[in-house]
Amino acid sequence: MATRKLWIGTSWKMNKTRDEALAWASAVAPQSFPAGVQPFVIPPYTSIAVVAEALAATDVRVGAQNIHWADAGAWTGEVSATMVRDCGASLVELGHSERRTHFGDTDERVAQKVAAALRHGLTPLICIGETAADKASDQADRVLAQQVRTALSGVAPEYRQATVLLAYEPVWSIGEGGTPAIPAYAQARHAAIAEVARAAIGRSVPCLYGGSVNAGNCRDYVRQPDIDGLFIGRSAWQAEGYLEIIGRCADA
């Protein structure tokens, strides 16, 4: 049986200057990564180019934290898929709960952005997750299924074989003060997500877990059969922390 690929990466959100970003990339660039691990990093827009250049000769993929759904136009303050590609990005994070909560990214809007990403050769990393209220009312799987189906409706037939990623990030588990999901709970959600995704586009879609991941719990997550990697927050914002998590996951 073929060994599955583990996607392990981090998004810096609105953190790091270009010098700080370059320091992180310069520390990671000389490292060798275990077979089967696909590393990635998602800096803020201002650092994409400098990080992409520093990591150009490595296996580390560089992404953007969002794109606009249009290719160009009168969209003041927005950034297109063409622009992030021009900076060296090959991946884009879409639908993070902060975008959904504070910036109006609906499921339908996420689907539009997924379509734009695929048109321009970017790998969409689609974030999904239930709130604490959804969890308490046993609505998690219903909410997640809706998010997955709508987001994947942006995958046109001609892009059905392109790489598409999901990141399951329970809203109650992310950010400062978040509570990590119990691995068994995360596994159950991932198994349900996998079924919905397969029905939506006719094939498996890798799904990463994100939510208060750290060096102490990372192995417990990647040991789960339906968790295909990790999307890490502040625990990976220092290069040493990121590399430690990758090493521990490889050992697991």
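## Basis of the description

The model is predicted; local features need pLDDT of at least 70, side-chain atom pairs count only at pLDDT 80 or more, and totals for chains, interfaces and linings use all residues. Residues are numbered from 1 along each chain as its sequence is written, and side-chain values use heavy atoms, with hydrogens and water left out.

Helices (H or I, at least four residues) and strands (E, at least two) are DSSP runs, numbered from the N terminus.

Two strands are said to pair if DSSP finds at least two bridges between them. Strand β4 (residues 91–94) pairs with β5 in the parallel sense over 4 bridges, and Leu94 stands opposite Ile126 in β5. Strand β6 (residues 165–168) also pairs with β5 in the parallel sense, over 4 bridges; here Cys127 stands opposite Ala167 in β6.

## Helix α1

In helix α1 (residues 18–28), the residues Ala21, Trp24, Ala25 and Val28 are buried. Seen down the axis of α1, its buried residues fall within an arc of 95°, so they line one face of the helix; the arc is that of the directions from the helix axis to the C-beta atoms.

These buried residues pack against β1 (6–11), β2 (37–42), α2 (45–54) and α10 (239–251), where contact means heavy atoms within 4.5 Å.

## Cysteines

The structure holds 0 disulfides, a disulfide being a pair of cysteine sulfur atoms within 2.5 Å. Cys218 is in no disulfide, and the nearest cysteine sulfur, that of Cys249, is 4.0 Å away. Cys218 is buried, with a relative accessible area of 0%, whereas Cys87 is partly exposed at 32%.

## The largest pocket

A pocket is an open set of points on a 1 Å grid over the protein atoms alone, where a 1.4 Å probe fits, with protein on both sides within 12 Å along at least five of seven lines; lining residues have an atom within 4 Å of a point. The largest pocket has a volume of about 480 Å³.

Its lining has 16 residues, of which Lys13, Met14, Gln65, Arg99 and Phe103 lie nearest the centre of the pocket. The elements that give two or more residues to this lining are α2 and α4 (97–102).

Note on methods:
Buried means under 20% relative accessible area, exposed over 50%, partly exposed in between (1.4 Å probe, protein chains only). Grid points are joined across faces, edges and corners, and a volume is the space filled by probe spheres set on the points.
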